[in-house]
Amino acid sequence: MKKLERWIQHYSSSQKILLVGEGDFSFSACLARHFGSAANMVATSSDSSGMVSTKHWSSETHLEELERLGCVVLYNVDVKEMNRHPILTHIQFDVIVFNFPHAGHFPFLCERNVQLIKMHRELLKSFFKSAREMLSGGGEIHVTHRDDHPYDRWKLEKLAKGAGLNLKEKVEFQKKDYPGYHNKRGGDIKSNKTFPLNDCYTFKFSVVTPKKVGGDINDIDDDEEKEDSASTGSFDDEVEGILPVFSRLHLK
């Protein structure tokens, strides 16, 4: 008997979903809880298991729930080169989710600082290139991001275009649509604190067909230089034990 497909906003229990840059794993747990199963989900953190526990004490309950519902959880996953990860390289995903990407917090850099904005751009530029290689046919990359100042200066759409991606849709993000989700700062400063969600959207990107590609990654660099000159803003986990789980995710 075919299982009932369940939806929560843009996400379906029948999709193979990769979630990257998770904080306390509350977003992954929200999806899994709504689906009633996380058999098609892989949730990852850039930190080690121990560091996640240290930074996000609230993660314990969510991780237990994900394990119970069959989610594969991976640590030490670098979004800039995840397409070369020894496990992830074997899988293609219908949706790759990166909520509120951030290059890190530093005591001497505020969000409008030129240097920090460049770091954010470099993170996303590499993420888009890596994620693009991991999509199934018709797959999408979802980035949820604040679109007010100074976050709009990250030039999200241009970075995606430079990686051969096209914006399909831009949808307002409402935290209340994801019960139990807590947006975490991450990084090394007040990691488990939340942050204001002003003017937030989920940007949905898909791969551009060759005849439509018109962006040049160098155009983005030129824009950076112009803006910056005018700105005053100061795994390997135990692969042997995990691989069998991926048979249900359809290896390449």
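Helices (H or I, at least four residues) and strands (E, at least two) are DSSP runs, numbered from the N terminus. All views below are taken from a predicted model.

**View 1. Asn-76, in the loop between β5 and β6.** Asn-76 is not a glycine, yet its phi is positive, about 55 degrees. With a relative accessibility of 43%, Asn-76 counts as partly exposed.

**View 2. Asp-199, in the loop between β8 (165–172) and β9.** Asp-199 also has a positive phi, about 50 degrees, although it is not a glycine. The relative accessible area of Asp-199 is 36%, so the residue is partly exposed.

**View 3. The cis peptide bond between His-149 and Pro-150.** Omega for this bond is about 5 degrees. Pro-150 belongs to the loop that runs between β7 and α5.

**View 4. Packing of helix α1 (residues 26–35) against helix α3 (residues 59–68).** The crossing of α1 past α3 is left-handed. On the α1 side the contact is made by Ser-26, Ser-28, Ala-29, Ala-32 and Arg-33, and on the α3 side by His-62, Glu-65 and Leu-66. By type, the residues of this contact are 3 nonpolar, 3 polar and 2 charged.

**View 5. Surroundings of α1.** Of the 10 residues of α1, 8 are buried, so the helix is largely enclosed by the rest of the structure. The buried residues are Ser-26, Phe-27, Ser-28, Ala-29, Cys-30, Leu-31, Ala-32 and Phe-35. Their packing partners are β1 (7–8), β2 (11–12), β3, β4 (41–44), α3 and β6. Gly-36 follows α1 and has a positive phi, near 85 degrees.

**View 6. Ser-59 in helix α3.** Ser-59 has 2% relative accessibility and therefore counts as buried. Its C-alpha atom is 4.2 Å from that of Asp-24, a residue 35 positions away in sequence. Leaving out residues up to four places away in sequence, Ser-59 touches Asp-24, Val-52 and Ser-53.

**View 7. The largest nonpolar core, of 33 residues.** Leu-18, Met-82, Leu-88, Ile-96, Phe-127, Phe-128 and Ile-141 touch the most other members of this core. Two or more residues each come from β3 (17–20), β5 (72–74), β6 (93–99), α4 (114–132), β7 (135–146), α5 (156–162) and β9 (200–207). Helix α4 gives the largest share, 6 residues. Not counting residues up to four places away in sequence, Ile-96 is in contact with Leu-18, Met-82, Phe-127, Ala-131, Met-134, Leu-135, Glu-140, Ile-141 and His-142. Another core, of 28 residues, lies apart from this one and includes Tyr-11, Leu-31, Cys-71 and Cys-200.

**View 8. Lys-204 in strand β9.** The relative accessibility of Lys-204 is 10%, and because buried means under 20%, this lysine counts as buried. Between the C-alpha atoms of Lys-204 and His-10 the separation is 9.7 Å, although 194 residues of chain lie between these positions in numbering. Neighbours within four places in sequence aside, the contacts of Lys-204 are His-10, Glu-140, Ile-141, His-142, Asn-166, Leu-167, Lys-168, Glu-169 and Val-171.

Conventions. Residues are numbered from 1 along each chain as its sequence is written. This is a predicted model: local features need pLDDT of at least 70, side-chain atom pairs count only at pLDDT 80 or more; totals for chains, interfaces and linings use all residues. Side-chain values use heavy atoms; hydrogens and water are left out. Axes are lines fitted to C-alpha atoms, for helices over the stretch in contact, and angles run from 0 to 180 degrees between N-to-C directions. A crossing is left-handed if the near helix is turned anticlockwise from the far one by less than a right angle, and right-handed if clockwise. Contact means heavy atoms within 4.5 Å. Ala, Val, Leu, Ile, Met, Phe, Trp, Tyr, Cys and Pro count as nonpolar, Asp, Glu, Lys and Arg as charged, and the others, Gly among them, as polar. A nonpolar core is a set of buried Ala, Val, Leu, Ile, Met, Phe, Trp, Tyr and Cys residues joined through side-chain atoms within 4.5 Å. Buried means under 20% relative accessible area, exposed over 50%, partly exposed in between (1.4 Å probe, protein chains only).
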